[in-house]
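This report concerns the salt bridges of the structure shown below and the way in which they connect.

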Amino acid sequence: MSSVGLLLLCGIFLGVAPAHATGEAVTIDATVDGTPLGEDELLLDPSRAATISVTVHNGTDTVRHVKAIRLSGTALALTFFSYDTVVPFDVPAKQSVTRGFVLDLGQLGGQATGLLPTEVEVLDTNRDVIASIGVTGDVRGSLWSVYGLFGLAAFGLTVSAWTGALIALARRRLPARRWQRAMRFLPAGVGTGLVAVISLSVLRVVAPSPTVEIAFIVVAAAAAFLLGYLTPHPDDDGLPPAEPPVDPESTQRIIRPVPGGVR
């Protein structure tokens, strides 16, 4: 029998074993296609189903009732994909239970692409999270997915913000006060940081964690703010001030007598 068949057979029956958890907590271990979730990236391919096995370790003194197992991916505090599979079972106190199931990822290609923080969560009957485990998911989706289009929209808005600020600078239409000029450039900086975070994620360089997001957005925003603050005053063209025009009608001709009486 194949390994997939053995995993599905284990998922049919309730497996009770000595608890692996320590202390008064509920923890979980999970595998996807036989690969344990840990520090390595989790490959999520929409072209094939994923075989998931979850072991819940109940370190508490009460029975925990599990209703569903969730696989989700988030970025920038937004959830771009989420799959809930109803797998009801009970986990006795101080014991562990394993469940396995096959998850169809066919719609994932239109939801996300690139590296995304991914979590496997166990939900109770009230749909509250009992325990979870996180991993970096490598989603092999399309650039035209929801996440990809979100990045393209952010890129378009950022280009528009930079274009408006630079055109105003070239036409000397920026505010006279420095801090107002800096605030004019600030949205373009925030957009630049946002685009950088999404681009590195889609290109599978760095996953968008809160630390990465804050660092890129804050640095880009600060650089744009400083650039706007240092822009020249709109009335300062670098030339010496011109003399005011003279009104001919306001001038008078003064005639002085010539020495010697010559007229």
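## Asp84 and Arg70

In this predicted model, a salt bridge joins the side chains of Asp84 and Arg70, with an N to O distance of 2.8 Å. Asp84 belongs to strand S7 (residues 78-91) and Arg70 to strand S6 (residues 64-75), so the contact ties together parts that are 14 residues apart in sequence. Asp84 has a relative accessible area of 35% and is partly exposed.

## Glu121 and Arg70

Arg70 also forms a salt bridge with Glu121, where the closest N and O atoms are 3.7 Å apart. This pair links distant parts of the chain: Glu121 lies in strand S9 (residues 114-124) and Arg70 in strand S6, 51 residues apart.

Glu121 is buried because its relative accessible area of 10% falls under the 20% cut-off.

## Arg127 and Asp84

A salt bridge is likewise formed by Arg127 with Asp84, the closest N and O atoms being 2.4 Å apart. Arg127 is located in the loop between S9 and strand S10 (129-139), whereas Asp84 is in strand S7; the two residues are 43 apart, and the pair links distant parts of the chain. With a relative accessible area of 37%, Arg127 is partly exposed.

Through shared partners, the salt bridges join Arg70, Asp84, Glu121 and Arg127 into one network. The structure as a whole holds seven salt bridges, among them Asp84 with Arg70, Glu121 with Arg70 and Arg127 with Asp84.

Terms used: Residues numbered from 1 in each chain as written. Predicted model: local features only at pLDDT ≥ 70, side-chain atom pairs only at ≥ 80, totals over all residues. Heavy atoms only, no water. Salt bridge = Lys/Arg side-chain N within 4 Å of Asp/Glu carboxyl O. Helix = DSSP H or I, 4+ residues; strand = E, 2+ residues; numbered from the N terminus. Buried < 20%, exposed > 50% of the residue type's maximum accessible area, 1.4 Å probe, protein only.
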